[in-house]
Structure formats: structure tokens, C-alpha cells
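Good morning, and thank you for coming. Please look at the sequence and the structure as I present them.

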Amino acid sequence: MLNYLWGIMILVGVLYGAFHGKMPDITAAALSSAQEAVTLCITMTGIMSLWVGLMEIAEKSGLIEMATRKIQPFIHFMFPRIPENHPARKYITMNVIANVFGLGWAATPAGLKAMEALENLEEQRRTPGYSGSRPPEPGKKAGKSLGKGKIQGPDRKASNEMCNFLILNISSLQLIPVNMIAYRQQYGSVNPAVIVGPAIVATAVSTAAGILYCKIMDRKRGN
Amino acid sequence: MEKAFDFLLYLSDAIVPVLIFFIVACGLAAKIQVYDEFVKGAEDGFRTVIKIMPTLIGLMVAVGVLRASGFLDFLSGLLCSFTDRVHFPSELVPLTVVRLFSSSAATGLALDIFKQYGTDSSIGLLASLMMSCTETVFYTMSVYFMTAKVRRTRYTLGGALFATGAGILASIMLAGMMRAGM
């Protein structure tokens with residue numbers, strides 16, 4: 001799907017631009033976007049390293065386990081098929097907490113690590129003899145040593161957990177829209193924070209809709 | 001209200017340093033080799049970003065090309081005939097479309113709307129709410145799925161758009177209620 005989406009975006013962009021005399025703009029946009037992506041990555045490398053490094057400390061000192069236990073009922077409700085001790089749970093927990101508090105810079109690293117962990121979980125599932133409840137071997141990166149049953153190329157499809165995790169993420173979990181409040185203040189609002197209450201309601205609605213969709217899909221398609 | 005707001009801003013300023021302090025303090029209290037562990041984790045994070053860098057370049061070029069071509073504006077124009085029927089202000093259609101692709105571009109558009117219509121107009125309120133309860137659907141999906149090397153995304157896009165739509169609908173109703181109460 002991404003291959004088509006990407007291809008269509010490029011083709012449509014260039015064709016539409018050609019008919020509207022926007023060719024020089026497109027050249028500039030293509031070059032500057034590529035450059036922007038690298039700049040963004042460099043910024044992100046710093047943030048990501050800082051955050052994952054801190055998380056390593058938090059994990060070794062037992063903080064993550066504590067937090068994970070606290071919101072476990074919710075995680076279990078959303079992702080019942082992730083085994084108890086799988087690292088994916090930990091990363092999803094961190095991502096959800098960071099999102100709720102609006103720490104976007106912390107949510108993305110945890111989210112990406114969660115996707116990697118979910119991918120490893122899928123690889124384990126493809127291996128014959130996978131029992132479903134066995135925790136990954138400690139000390140070893142889960143799924144790394146499993147060569148058999150590995151599917152590569154265009155057939156790699158998202159697991160239910162991946163779909164649900166992304167929908168949950170995209171449904172927006174942020175409780176207080178701090179950025180928007182700051183912008184509103186900057187542009188002379190009489191009461192910048194007036195949106196807090198309604199924003200919480202709107203976010204709750206979109207998240208509820210997302211969860212509902214996931215649950216219906218889970219039931220319909222199984223895995 | 002003013003006080004509560006100041007506190008909120010202070011909180012968002014303070015949360016990161018407090019969090020860092022808290023994590024390191026807990027690590028030291030638990031007798032962890034904090035610096036060694038930090039470096040270990042940092043290396044891991046570093047590797048993840050390097051892995052997604054090509055993805056990000058490809059994606060941002062596509063979005064950049066699409067935006068520069070003027071196609072997104074054209075798409076918004078098409079959608080207007082539909083949104084007029086459901087009483088969705090046509091001024092906000094470009095914002096809604098761009099929001100699906102790029103967070104920074106959407107913020108730019110939202111600020112334009114604030115400048116032009118005021119933050120507390122019904123359009124300004126609606127823009128504030130919409131920005132608060134939605135995410136960049138295509139961007140998030142591409143980056144996350146590329147990290148997991150997944151090509152077939154199954155029902156994710158449907159669910160994401162459904163949640164976004166529900167959020168926008170709720171925003172319209174809430175913004176209307178807020179205007180009525182002001």
C-alpha cells in the first residue's frame with residue numbers, strides 16, 4: 001500500500017505541477033525536502049539517543065515496570081495477544097504515557113521501538129512451534145536468531161497489534177494541547193486555555209472511535 | 001483561569017527537566033551504572049534513527065512535491081463542494097487536508113487562520129480543537145510501518161481516518177457549543 005501511495009504522490013505532484021507551470025517550485029521542493037529530512041533526522045538522532053538512553057536507566061531501576069503495571073489493564077484490553085513479558089508491552093506503555101502528557105519527542109522513539117518489538121513478535125509467531133505465552137529469551141534480541149518462516153519483501157503485512165497500535169496513536173491521546181494554547185496566546189486570544197476542556201472531549205471521542213474500530217476489526221478478521 | 005493557565009505553561013516547561021532528574025535519581029538510588037546504561041540505550045536509539053532516515057527522505061520529498069505542485073489546494077477545492085453541504089467552513093478545508101500529511105505545515109496554516117480570523121472566532125476555535133484532537137495520519141503511518149518493514153498495512157488507514165473524522169465531527173459540535181456559551 002505504501003508503495004502505491006508514495007508512487008502516486010510523486011506522479012500526481014509532478015504531473016499536476018507540469019500543467020500548472022510549477023516545475024521550478026517542484027524542483028526546489030524536492031531538493032529542500034530531502035535536505036530537511038536529513039536535518040530532521042540529525043535532530044531526531046540526538047533526541048532519540050537521549051530518550052532511549054534515559055529509558056535504559058529507567059528500565060534497569062524498575063521504573064518502567066512500575067508504570068507498565070499501572071496501565072496494564074488498558075494495554076491488556078487493547079493488545080490481549082501480546083505475551084505478558086514481551087518487550088512490546090513496555091514500549092507501547094511508554095509511548096502511550098508520553099503521548100498522554102504531550103511529550104511528542106519521547107513518544108516517537110518509544111513508538112518506533114514498539115513497532116520493532118511487534119515485528120519481532122510476528123517473526124516469532126511465524127516460527128513453527130510458537131506457543132503464544134512463552135516470553136522471549138532473556139538477554140537475546142527476540143526473533144533475531146529465527147531464520148525460518150521469515151517473510152520478506154512485499155508480503156510483509158501488519159499484525160493486528162500493529163494496526164491497533166497505530167490507530168490508537170493517530171487517534172491522538174494528548175490530554176492538554178499545550179502547543180495550541182501557546183499559539184493561541186501568541187495570537188492574542190482573550191482566553192487561550194479555553195480549549196482545554198473541549199479538546200479533552202474531542203480527543204476522547206476520536207480515541208473512542210479508534211478503539212471501537214480496532215475492536216470490530218479484531219473480531220472480524222482474527223489473525 | 002489565568003493562574004491555572006500560567007501553571008499549565010510552567011508545567012510544560014518543567015516536565016522535561018523534572019523527568020530527567022527523576023529518572024537519573026531513581027537509577028542512582030537503585031545503584032545502577034547510570035552512565036554506562038545511558039550510553040547503551042543511546043546507541044540503540046541512534047541505530048533506530050539511522051535505519052529510518054532513507055524512509056524519511058523519500059516521504060518528505062513526496063509530500064514536498066505534492067504541496068509545491070498546488071495539488072493539495074486543488075484537492076481542498078474539490079472537497080469544498082461537499083463540506084459546504086455539511087456546514088463545515090470552507091476556510092478550514094486546506095488545514096484538514098494538510099493536517100493528514102504534515103504537522104508543521106498544518107501549524108503554519110492554523111496560525112494563518114488565527115491571524116486572519118482571530119483565535120476566538122468560531123473558525124479560530126474550531127481550528128484550535130481540530131489541531132488538538134488529530135494527528136498526521138500519513139506521516140505517522142509511513143514512518144512507523146517502515147520501521148517494522150511492513151508493506152501491507154491492512155485496516156490501519158481506515159481506522160485512522162475514522163478516528164480523525166470522529167474527532168473533527170466532535171470539534172465542530174464543541175466549537176458550536178463554545179460559541180453559543182460565550
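This is a predicted model: local features need pLDDT of at least 70, side-chain atom pairs count only at pLDDT 80 or more; totals for chains, interfaces and linings use all residues.

Residues are numbered from 1 along each chain as its sequence is written, chains are lettered from A and ligands numbered from 1 in the order in which they are written, and side-chain values use heavy atoms, leaving out hydrogens and water.

How many residues of chain B are in contact with chain A? There are 96, and they touch 103 residues of chain A; contact means heavy atoms within 4.5 Å. The two chains bury about 8800 Å² between them, 76% of it on carbon and sulfur atoms. Buried area is the accessible area, taken with a 1.4 Å probe, that two parts lose on being put together, summed over both. Tyr144(B), Arg154(B) and Tyr155(B) supply 10% of the area that chain B buries here, more than any other three residues.

Between the chains there are 3 salt bridges, each a side-chain nitrogen of Lys or Arg within 4 Å of a carboxyl oxygen of Asp or Glu. In one salt bridge, Asp120(B) meets Arg184(A) at 2.9 Å, N to O.

Finally, the surface: Leu212(A), Ile216(A) and Phe162(B) form a nonpolar patch with about 290 Å² of accessible area together. Such patches join nonpolar side chains (Val, Leu, Ile, Met, Phe, Trp, Tyr) within 5 Å, from residues with over 30% relative accessible area and no salt bridge. Accessible areas come from the Shrake-Rupley method with a 1.4 Å probe; for residues, only the protein chains shown count as cover.

Notes. Patches are made of residues with over 30% relative accessible area and no salt bridge: like charges are joined within 9 Å, nonpolar side chains (Val, Leu, Ile, Met, Phe, Trp, Tyr) within 5 Å.
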